[in-house]
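Below are some questions and answers on strand pairing and helix packing in one model. Please look at the structure first.

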Amino acid sequence: MKEDLTAEYVRRITVPVYDVGPDNRMKLGAVLRHVHETSEQHVDLLHIGYEELREQAGIVFFLVCNRLKIRRLPCHREKIEIRTHPRGRGGVRFYRDFKFYDESGALLIDAMQVTVLADAETHRVRKPQAFVDLGVFRDEPVDPEEKMVRVSVPEGLQPVGERPVYRSDLDSNGHMNNAVYADIVADFLPEQNGEAVRGLQIDYLRETPPGENLRLTARHGEGETLMRGENSGGVSFEARVLF
């Protein structure tokens, strides 16, 4: 039974009105919030949720990358199913996928989340063995085809604005929640002239605490936008949006 619980977790939802934008489709930030919540529900079921892992082992997982491959964003009131599966480990990185399906079983969104293990107090990266030793998941290598490569964002991007970090942006680790970065990316995209977003990758490179200002630069090209956000400590995130 435990093996079945670790292999897959399924969550079914009806898309709420607060998750959609003016086009009546789920916003990018909302997609990542559902990714996050689905993951949390799965690990809670296995008794390795955020609070339990922090209190019992002094460790937490920090997100380092989110990638979305989008066929279609779901609409308001649409019934969808989200299936998540641990996909193994590559070095210090743990991989987990999330697949969004409509009622007919058609794939809507293929998401991949990459995390690293960190000390709950210092936020320094820990060796994976501290989690592997808990024996919850099999320690298997990620499929080479699934390995994530950091977005290649060149220097010399054009300034597009600044975004303060507010208390309402913070998560339980005290830094900006991963989904808020997707909100920011969406806010600073150019007018899309009807083009649908078909892909997004965000690499999370440095924590951004409250009171900081993210300085945003971007390059808008044919079929893609590259974006970088910097705070007082350096580069906070880099992103690529595909149209």
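Q: In this predicted model, how many bridges join β4 to strand β5?
A: Strand β5 covers residues 107-119 and runs antiparallel to β4. The two strands form a hairpin with five residues between them, and Gly105 in that turn has a positive phi of about 95°. The number of bridges joining β4 to β5 is nine.

Q: Which residue in β5 stands opposite Phe94?
A: Phe94 belongs to β4 and is the bridge partner of Arg89. In β5, the residue opposite Phe94 is Thr115.

Q: What is the phi of Gly91, in the turn between β3 and β4?
A: Strand β3 (residues 79-90) runs antiparallel to β4, with nine bridges between them. These strands form a hairpin with two residues between them. Gly91 lies in the turn, and its phi is positive, at about 65°.

Q: How many residues of strand β4 are buried?
A: Strand β4 spans residues 93-101, which is nine residues, and is mostly covered. Buried here means under 20% relative accessible area. The count of buried residues in β4 is eight.

Q: Is α2 roughly parallel or roughly antiparallel to α5?
A: The axes of α2 (residues 28-45) and α5 (residues 178-187) come within 7 Å and cross at roughly 165°. Angles over 145 degrees count as roughly antiparallel. Therefore α2 is, relative to α5, roughly antiparallel.

Notes: Residues are numbered from 1 along each chain as its sequence is written. This is a predicted model: local features need pLDDT of at least 70, side-chain atom pairs count only at pLDDT 80 or more; totals for chains, interfaces and linings use all residues. Side-chain values use heavy atoms; hydrogens and water are left out. Axes are lines fitted to C-alpha atoms, for helices over the stretch in contact, and angles run from 0 to 180 degrees between N-to-C directions. Helices (H or I, at least four residues) and strands (E, at least two) are DSSP runs, numbered from the N terminus. Angles under 35 degrees count as roughly parallel, over 145 as roughly antiparallel, 65 to 115 as roughly perpendicular and the rest as oblique. Buried means under 20% relative accessible area, exposed over 50%, partly exposed in between (1.4 Å probe, protein chains only). Two strands pair if DSSP finds at least two bridges between them.
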